[in-house]
Amino acid sequence: MKRSVIPIRLGSSWIVVHAGMICEFLSETLWLSVPGSTPVVPGVMTWRGRAIPVLDLPRALNLGSISPMDPAPRVAIVEHSMGTIAVPVDGAREVMTLSDEEVRPIHVSTMPYSSGEIDGPDAVLPVVEIDQILRDLTKMGSVA
Amino acid sequence: MIGGASYSNLGQTSLLLLDTSPTIVALPASNVRELTRLSDWNETIPDLLSAELLFQFAAQTPEWVMRIGSGDTWFDARVRGRVSIGHYSDADLFPMPHVGEIGFPLFSNLVVVGGVPSAVVFDIAAILRVQQEMGHCHGD
């Protein structure tokens, strides 16, 4: 069985996420922080005539944090069964199609929310489950 | 309509904007009864955006006291920062989003100007609930 993933850069780290969740990439897009919000969902932006929450993926993965004062060059729009969410990222590459054998159990990566890892051009890349991050946030009740 | 409050006039909504850099927060103008310059620090008046609402205002002057509420339930709050009034059409106000249980329960709307998010509007019912629980509310 084949699966499609997209390599995403957060700072100097590359990860891959399931391509099926991402419906669009935007170029640098402004977002607004919301007072009292949880650090992992710190604000909102507009997309297709509505407001959507912003996910701080670097913070969820212990890779730093995003800031509305320093907009990321790309924003991934993630469609999830619970709704749509914006994920600012520093870069992305083309979709990779992998066989099941190419996604190995975690051996090298220590990144949270990783379900496996693959060989990238320069390093081993963790397969990060954004779905699991959103489910954990929902369990926590997320925001004030 | 925002948060069930009726403060629209002929399709236009007036908001009191508080510049709390980096974010501007807003209150429906009809839910603010008085805006008084605070000359003496009064510790009995809670900060609108202090610990109760999980946000610390940047220390700025001047200081004001606002009487905020709806119907016969009001509370006083002190605010710091630049205060201005903006007038918006319904098309400028987007409902605040949520993904499952993930949301922003103290805010009802996002103000969007020229496609860019510019302010978040307090949900008056939500902040009244918070203030009532803390015993800060009083009758009209």
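## Chain B: composition and burial

What share of the 140 residues in chain B do buried residues make up? In this predicted model, buried residues account for 51% of the chain. Chain B contains 1 helix and 10 strands, and along the sequence these elements follow the pattern β-β-β-β-β-β-β-β-β-β-α. Among the contacts in chain B that link residues at least 6 apart in sequence, 59% join residues at least 24 apart.

## The helix of chain B

Helix H1 of chain B spans residues 124–133, and its buried residues are B:Ile124, B:Ala126, B:Ile127, B:Leu128, B:Val130 and B:Gln131. At the start of this helix, a side-chain oxygen of B:Asp123 comes to within 3.0 Å of the backbone nitrogen of B:Ala125. After the helix comes B:Gly135, for which phi is positive, near 75°.

## The interface between chains A and B

The two chains meet through 30 residues of chain A, which are in contact with 27 residues of chain B. The area buried between chain A and chain B is about 2,200 Å², and carbon and sulfur atoms give 80% of that area. Across this interface the rule finds 0 salt bridges, while 2 residue pairs are in polar contact, both at pLDDT 80 or more.

On the side of chain A that touches chain B, the elements giving two or more residues are strand E4 (32–33), strand E5 (43–47), strand E6 (50–54), strand E8 (83–89) and helix H2 (130–140) of chain A. The residues on that side divide into 18 nonpolar, 11 polar and 1 charged.

The side chain of A:Thr46 reaches the backbone oxygen of B:Gly115 at 3.1 Å. Not counting residues up to four places away in sequence, A:Thr46 touches A:Ala51 in its own chain, together with B:Phe94, B:Leu110, B:Val112, B:Gly115 and B:Pro117 of chain B.

## Nonpolar cores

The largest nonpolar core has 56 residues, and those with the most contacts inside it are A:Ile15, A:Leu55, B:Leu27, B:Ile68 and B:Leu110. The largest share of this core, 5 residues, comes from helix H1 of chain B. Apart from this core lies another, of 10 residues, among them A:Trp47, A:Ile52, A:Val54 and A:Val75.

B:Leu110 has neighbours in both chains when those within four places in sequence are left aside. In chain A, B:Leu110 is in contact with A:Leu32, A:Val44, A:Thr46 and A:Ala51. In chain B, the contacts of B:Leu110 are with B:Asp92, B:Leu93, B:Phe94, B:Met96, B:Pro117, B:Ala119 and B:Val120.

## Salt bridges

Side chains of opposite charge can pair when their charged atoms come close. The structure holds 6 salt bridges over all chains. One of them joins A:Arg104 and A:Asp119, with the closest N and O atoms 3.0 Å apart. A:Arg104 lies in the loop between strand E10 (96–99) and strand E11 (114–119) of chain A, whereas A:Asp119 lies in strand E11 of chain A, so the pair ties together parts that are 15 residues apart in sequence. A:Arg104 is partly exposed at 28% relative accessibility, and A:Asp119 is exposed, with a relative accessible area of 52%.

A salt bridge also forms between the side chains of A:Asp131 and A:Arg135, at 3.1 Å from N to O. Both of these residues lie in helix H2 of chain A, 4 residues apart, about one turn of the helix. An α-helix has 3.6 residues a turn, so residues three or four places apart point the same way. A:Asp131 counts as partly exposed at 23% relative accessibility, as does A:Arg135 at 38%. In chain B, B:Asp76 forms a salt bridge with B:Arg67, the closest N and O atoms being 2.8 Å apart, and B:Arg67 is partly exposed, with a relative accessible area of 27%.

How values were computed: Residues are numbered from 1 along each chain as its sequence is written. Chains are lettered from A and ligands numbered from 1 in the order in which they are written. This is a predicted model: local features need pLDDT of at least 70, side-chain atom pairs count only at pLDDT 80 or more; totals for chains, interfaces and linings use all residues. Side-chain values use heavy atoms; hydrogens and water are left out. Contact means heavy atoms within 4.5 Å. Buried area is the accessible area (1.4 Å probe) that two parts lose on being put together, summed over both. A salt bridge is a side-chain nitrogen of Lys or Arg within 4 Å of a carboxyl oxygen of Asp or Glu. A polar contact is a pair of N or O atoms within 3.5 Å; within protein, one must be able to donate a hydrogen and the other to accept it, and residues adjacent in sequence count only if both atoms are side-chain atoms. Ala, Val, Leu, Ile, Met, Phe, Trp, Tyr, Cys and Pro count as nonpolar, Asp, Glu, Lys and Arg as charged, and the others, Gly among them, as polar. A nonpolar core is a set of buried Ala, Val, Leu, Ile, Met, Phe, Trp, Tyr and Cys residues joined through side-chain atoms within 4.5 Å. Buried means under 20% relative accessible area, exposed over 50%, partly exposed in between (1.4 Å probe, protein chains only).
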